[in-house]
Amino acid sequence: MAYTASEILEGLAEIVAEETGLPTDAVASEKSFTDDLDIDSLSMMTIVTHAEDKFGVRIPDDEVKNLTTVGDAVSFIEGAQA
Amino acid sequence: MTASRDVVVTGLGATTPLAGDAPSTWAAALAGQSGARTMDNDWSEKYEIPVTFAATIKVDPSEVLPRPEIKRMDPSAQYAMIAAREAWQDAGAPEVDGERLGAVVSSGIGGIWTTLDGWDVLRERGARRVLPMTVPMLMPNSPVAYVSLEFGAQAGAHSLVSACASGAEAIGYGIDMIRNGRADVVVCGGTEATIHPMPIAAFCASRTLSLRNDDPAGASRPYDVDRDGFVIGEGAAVLVLESAEHAAARGARVYAKLSGVGLSSDAYHITSPDPDGKGQVAAMRRALADAGVEGRDVVHINAHATSTKVGDLTETRSIRTVLGSETDHVRLSATKSMTGHLLGGAGALETLFAVKAVHERLAPPTINVAQPDPELQVPLVRDTPAQLPDGDIAAINNSFGFGGHNVALVVTNA
């Protein structure tokens, strides 16, 4: 069964919060991973690895650079489930 | 007489099997407490590991460090950071140009939890599941890298690996950095987090661990006729070293001076010490000469003394070779009887103990010596602390490691 966009956002927020120590409600759709959440490339790859696990999707390395905001990641994961 | 490039100790920090900080660790040691306890795991059943106890860390790092740090650091780096932050605060968080601040923190083994966890993940779930932080977590310079980041230490960040002498060698290198003018302040020490079933199984295979499962607190018994090996421990100790000039200029509280470093290598056998103690003797002689200290000034020695028969007695013979008849007024302490053996952390913790001993003029006890080995050649502090004399005094910390590494450090009163 596919996750809805809001379930993905919620799950992603938990992963990001675990990695960064930020509260989950700081992880909103419009936030930029690098500019707003201060996530470096290693942390980003860690988040990608956990997100792949959680949502059962594959996020290719080439795609990661296109995921600027949390919303981008949610959309990509939502689409990749199909 | 204090010269400007003399090296003084201005900060102490530790997280150990006895306590989560340096003052409580020292108090527990003076009280003769043991940090060894039965482990809370199923390793014995699951892997047929014959040892069921260890000197595990007293305070869980997750109670002290923020969650993201716990996730990004191997336990060996977590312990180092806890100890380093305490030492830095204890030193009064000295204002120092980053270019004049060094960091030297060693681990004997490195991030073995991370290494082995990564291997498990790879085998069970494949390469894509191995986390990207794995390399910076497993590398043995990870603890010092984090310490250098924490304080902005740009004079150099180093991790010297010499097995169970690593922590002492780190401090020796820190002394050199100050003496040769590369730094004014150095944060230095040792850390280890090796209480994992694989290294424990490996130490068991080499028959070096005590198997006294029914009495963990009584298991580490250096110099006792009934000793049967060492107790594996974990934790970290970190010292802030400073040039005497720099410490004086900012009015820092000074615990003691680190006056001499002696290094040698046995080049004899990969695990056994040279039975003549040649390397140990050379290290102690070099340290005393470096410090300009006479045998009669040495009133205390924190011995390496892991609680193995060959190691403990070789060391006391070496001490007598170096000090001759002056040995009779030395108070020898074997603090691994209480802390267990912190491997790469041991030399740093025992230097911290030697600094405290000189500062407070109290030699910590050696516990669990019901019947001293008759071949023991140095007067032993047993059960309760021993007073050290007034006036100018010196203490030696000895640390030796597999591979034939010998490090002796001389501590004198400030």
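How many salt bridges does the rule find across the interface of domain 1 of chain B and domain 2 of chain B? The rule finds three there, a salt bridge being a Lys or Arg side-chain nitrogen within 4 Å of a carboxyl oxygen of Asp or Glu. The legends below go through that interface and the cores of chain B.

A note before the views: this is a predicted model, in which local features need pLDDT of at least 70 and side-chain atom pairs count only at pLDDT 80 or more, while totals for chains, interfaces and linings use all residues. Residues are numbered from 1 along each chain as its sequence is written, chains are lettered from A and ligands numbered from 1 in the order in which they are written, and side-chain values use heavy atoms, with hydrogens and water left out.

**View 1. The two domains of chain B.** Chain B is divided into domain 1 (7-249) and domain 2 (262-412), with bounds from an automatic or database domain assignment. Their C-alpha centres lie 21 Å apart. Contact (heavy atoms within 4.5 Å) links 62 residues of domain 1 with 57 residues of domain 2.

**View 2. The area buried between the domains.** Together the two domains of chain B bury about 4,300 Å², 69% of it on carbon and sulfur atoms; buried area is the accessible area (1.4 Å probe) lost on putting two parts together, summed over both. Look for W26(B), C164(B) and Y223(B), which supply 22% of the area that domain 1 buries against domain 2, more than any other three residues.

**View 3. A salt bridge in close-up.** Here the side chains of R179(B) and D290(B) meet in a salt bridge, at 2.8 Å from N to O.

**View 4. The largest nonpolar core.** This core has 52 residues, and I171(B), L239(B), L241(B) and L258(B) have the most contacts inside it. A nonpolar core is a set of buried Ala, Val, Leu, Ile, Met, Phe, Trp, Tyr and Cys residues joined through side-chain atoms within 4.5 Å, where buried means under 20% relative accessible area with a 1.4 Å probe, protein chains only. The largest share, nine residues, comes from α14(B); helices are DSSP runs (H or I, at least four residues), numbered from the N terminus. Both domain 1 and domain 2 of chain B give residues to this core, so it lies between them.

**View 5. Around L239(B).** Among the residues that L239(B) touches, leaving aside those up to four places away in sequence, are V9(B), I171(B), L258(B) and V355(B).

Technical notes
Buried means under 20% relative accessible area, exposed over 50%, partly exposed in between (1.4 Å probe, protein chains only). Helices (H or I, at least four residues) and strands (E, at least two) are DSSP runs, numbered from the N terminus.
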